[in-house]
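Please look at the ligand and its surroundings first. The notes below go through them point by point.

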Amino acid sequence: MKIVTVIGARPQFVKAAAVSRVLRKSHEEILVHTGQHYDKNMSDIFFEELRIPRPDINLGVGSGTHAKQTAEMMVGLENVLLEEKPEYLMVYGDTNSTLAGALAAGKLNIPIVHVEAGLRSYNMRMPEEQNRVLTDRISSLLLCPTDTAVDNLKKEGILEGVFNIGDVMCDAVLYYSKLLDNMPREYYFSHLVGLFQPIPLLDSWYMATIHRAENTSSLETVKEILKAFNGLDAPVIFPVHPRTKEIIKILTKDENYHNVLFVEPVSYLDMLFFVREAKKVVTDSGGLQKEAYILQTPCVTVREQTEWIETLKGNQNVLATPQVEDIIDKVLNTVADNGKRELYYGNGDAAKKLCDIIGNNIK
Ligand code: UD1
């Protein structure tokens, strides 16, 4: 069976790393990179480190407004689909690359496989929520990571072609985290490139990322979050997404964020190491919340809601508003109850289940 898979943004490279390895044993896959993420350390480094097959096609779309970016991707993808005539188009998650792939295939009546279907924040102001709701609506196979996601689809009347396969990101964490102990702490620290200063070797740290539009579109919000980091009891390692970099540069001119170590984006294996060994994770990323959960590091999520509600059980993950006092309080005073942990995200065989389902659903 021929499948065109569309990827474009960082978390999708990780998902493809877990899936393509298994998928290619039984199916033909054409991998298309939209080019949504294009910096070396946002894209290439993942392909090298995770040994993801090189994309067969790179559309090189790059950044732009939502409409421009999505539209350019759709035009490029339509050409690929007309040329390749696949049995399925597969997309991951909730980015603009996901929606572009789904819309291009939907109009050509090519069945869509949506991996990570059924997630909802119920906050329609988020571009990601719009992308996932629209993609689910026109997908034929909706491969959900959790029971919650299956239930969410049921509430919207989507019952057909829905399967809980577990989380392909969990496959990746379990597979790649085994490699972490091959190297000492010094090795991982030697990869950190400080934006403003060299990074010292630490025994104890918090790991933080902030890049969501709802947090980074206002200077004041980022300022609050950074002030909170200044009030924590260990240094905060903060890999800075390109979206956040300009704001950080402006804010650090007026204020000394002495407790924050700003670094360039890190590779996947490095991230797994720094998350696994951190006191806690502070983030607004969906992927990181789950990676922290699987690696048993407590997490504070700076958002109004999370799609990964299972992580909230036993305070493994708590939500915080982007305000100094709330973030400091949640980071310092929340105690996670490890007894409440369950294998909500599967046991690492989601990619295998995905391949079996695709094989059994030949149209
Ligand atoms: C996208 C996803 C988000 C996901 C994130 C993972 C959408 C709507 N959002 O957000 O759900 O969590 O990827 O990282 O698709 N930029 C660069 N170099 C790059 C990539 C981006 O400089 O390699 C800059 C550009 O200025 C761009 C901005 O970052 O305008 C935002 O990038 P974009 O791809 O629009 O969305 P992300 O914030 O990365």
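1. Ala, Val, Leu, Ile, Met, Phe, Trp, Tyr, Cys and Pro count as nonpolar, Asp, Glu, Lys and Arg as charged, and the others, Gly among them, as polar. On that basis the shell around the ligand holds five nonpolar, nine polar and six charged residues.

2. This is a predicted model, where local features need pLDDT of at least 70, side-chain atom pairs count only at pLDDT 80 or more, and totals for chains, interfaces and linings use all residues. Residues are numbered from 1 along each chain as its sequence is written, and side-chain values use heavy atoms, with hydrogens and water left out.

3. The ligand is surrounded by 20 residues, each with a heavy atom within 4 Å of it. His37, Asn96, Glu128, His241 and Arg243 are the closest.

4. A polar side-chain atom of His241 is 2.8 Å from one, a polar backbone atom of Tyr38 is 2.8 Å from one, and a backbone N or O atom of Asp39 is 2.9 Å from one.

5. Domain 1 (2-166 + 348-360) and domain 2 (177-340) each give at least three residues to the shell; these bounds come from an automatic or database domain assignment.

Technical notes:
Polar contact = N/O pair within 3.5 Å; in protein donor to acceptor, adjacent residues only side chain to side chain.
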